[in-house]
Amino acid sequence: MSTKRWGAAAVAAAAALSLFVGCGGTTDPGPSDEAWTPSGPVRLIIPYAAGGATDTIGRLVADHMSRTLGKPIIVDNVTGSNGTVGTLEAFNSPADGLTILLASGSIQVLIPQTTDIGFDPFEMVFIGSTHESVAGRLVMASSPWQTIEDLVAYGTTPGNPTLMDVTSGGFGVPDIATAMFNKAVGGNLNYRTLPTDGGAEQVTQLLSGNGHMANSSAGAIIEYIKSGEVRPLMIESASWPLLEEMNIPKSIDKYGYKVMNPASMMAPPNLPENIRKAYEDALKLALEEPELQEKFIATNELVRYLNGADARAYAKQGFDDYTPILAEFDMLLKK
């Protein structure tokens with residue numbers, strides 16, 4: 001397993017889209033031949049609580065990029081509204097290279113279509129992609145549900161208590177995953193959501209018994225799967241190699257749906273191209289660093305490098321793929 005576990009179809013799609021999209025929406029290219037290094041410490045905003053997959057991978061790459069760029073990159077967890085608060089703060093920061101952002105898929109591909117957040121994340125400058133979260137439908141091992149069919153039978157039986165679905169806050173990929181799951185099993189799953197500030201709190205709420213099920217990414221939940229405290233019932237992303245080895249079924253095979261959740265490193269609009277390129281090069285070195293490979297593998301996320309243009313293109317592909325799904329559920333923002 002390596003950081004290059006990236007499907008040929010996804011790369012091809014990203015490459016095709018990159019023919020007509022740039023690395024960032026309103027980028028002012030600036031002098032591309034002028035070398036750049038930070039003038040001081042860099043703030044890396046991660047718009048989720050510490051301990052989740054994006055936070056873990058972000059801290060690993062930030063440490064390596066600090067050494068490459070010669071200045072410390074300090075992680076700042078700015079939580080709220082499933083990534084919206086921290087992303088807005090990055091969006092409004094000066095385009096001087098001293099503030100960057102690592103955001104997962106919800107804020108790129110989903111939330112702008114459902115909520116008036118006051119800004120367009122695609123106007124930001126895309127530095128590159130770090131990983132795509134794998135995700136599954138999970139329950140406590142102490143729960144009575146041994147299979148996904150057991151969970152469906154319980155949740156669709158009149159008179160049973162409401163299932164609490166632990167999400168990552170606001171309206172994000174875990175929410176759309178449950179909406180698609182509900183539709184796939186007939187639309188009568190009796191559940192309501194329990195929002196949190198991110199993957200770490202999502203796991204805490206599930207382990208505490210406050211929640212009954214969750215669509216969670218590997219980075220936050222994997223150790224609890226390995227310890228036997230959490231039981232995976234279904235893979236809801238395109239792939240999750242470890243769970244596939246455990247013969248856990250895929251939602252795409254059983255119910256015809258899957259979710260995508262790519263993470264991108266971004267910067268405020270109008271970041272000069274020479275600054276963007278310096279970060280892109282440093283990110284590539286970090287993700288290809290041999291000493292970090294085992295740590296990346298341990299997250300169980302699909303860690304891989306995409307340059308800025310391809311990262312933006314892949315996120316745009318996800319945005320476009322979700323549009324008809326959101327329209328079907330009448331969740332698109334009314335304009």
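Predicted model: local features only at pLDDT ≥ 70, side-chain atom pairs only at ≥ 80, totals over all residues.

Q: What makes a stretch a helix or a strand, and what is meant by an axis?
A: Helices (H or I, at least four residues) and strands (E, at least two) are DSSP runs, numbered from the N terminus. An axis is a line fitted to C-alpha atoms, for helices over the stretch in contact, and angles run from 0 to 180 degrees between N-to-C directions.

Q: Is the crossing of helix 4 and helix 13 left-handed or right-handed?
A: A crossing is right-handed if the near helix is turned clockwise from the far one by less than a right angle, and left-handed if anticlockwise. Helix 4 passes helix 13 in a right-handed crossing.

Q: Which residues of helix 4 and helix 13 meet, and what is the make-up of the contact by class?
A: Contact means heavy atoms within 4.5 Å, and Gln108, Val109, Leu110, Pro112, Gln113 and Thr114 in helix 4 meet Ala315, Gly318, Phe319, Tyr322, Thr323 and Leu326 in helix 13. By class, this contact has seven nonpolar, five polar and no charged residues; Ala, Val, Leu, Ile, Met, Phe, Trp, Tyr, Cys and Pro count as nonpolar, Asp, Glu, Lys and Arg as charged, and the others, Gly among them, as polar.

Q: How do helix 6 and helix 13 lie relative to each other, and why?
A: The axes of helix 6 (residues 173–184) and helix 13 (residues 308–328) come within 11 Å and cross at roughly 60°, and the two helices are therefore oblique. Their crossing is left-handed. The contact is made by Val173, Ile176, Met180 and Lys183 of helix 6 with Tyr322, Ile325, Leu326 and Glu328 of helix 13, and by class it has six nonpolar, no polar and two charged residues.

Q: What makes Glu328 and Lys183 a salt bridge?
A: A salt bridge is a side-chain nitrogen of Lys or Arg within 4 Å of a carboxyl oxygen of Asp or Glu. The closest N and O atoms of Glu328 and Lys183 are 1.7 Å apart, so the pair meets that rule. The pair links distant parts of the chain, with Glu328 in helix 13 and Lys183 in helix 6, 145 residues apart.

Q: Are Glu328 and Lys183 buried, partly exposed or exposed?
A: Buried means under 20% relative accessible area and exposed over 50%, with partly exposed in between (1.4 Å probe, protein chains only). Glu328, at 48%, counts as partly exposed, and Lys183, at 43%, is partly exposed as well.

Q: How do you know that Glu236 and Arg137 are buried?
A: Glu236 has 0% relative accessibility and so counts as buried, and Arg137 is buried with a relative accessible area of 0%. Glu236 forms a salt bridge with Arg137, the closest N and O atoms being 3.1 Å apart. Glu236 lies in the loop between strand 9 (230–235) and helix 9 (241–245) and Arg137 in strand 5 (residues 135–140), so the pair ties together parts that are 99 residues apart in sequence.

Q: How many salt bridges does this rule give?
A: The count comes to 15 salt bridges. Another pair is Asp320 and Lys316, whose side chains meet at 2.8 Å, N to O; both lie in helix 13, four residues apart, about one turn of the helix.

Q: Why is Ser104 called buried, and what is it in contact with?
A: Ser104 has 9% relative accessibility and therefore counts as buried. Ser104 is found in the loop between strand 3 (99–103) and helix 4 (105–114), and, leaving aside its neighbours within four places in sequence, Ser104 is in contact with Tyr48, Thr54, Asn261, Pro262 and Ala263.

Note on methods: Residues numbered from 1 in each chain as written. Heavy atoms only, no water. Parallel < 35°, antiparallel > 145°, perpendicular 65-115°, else oblique.
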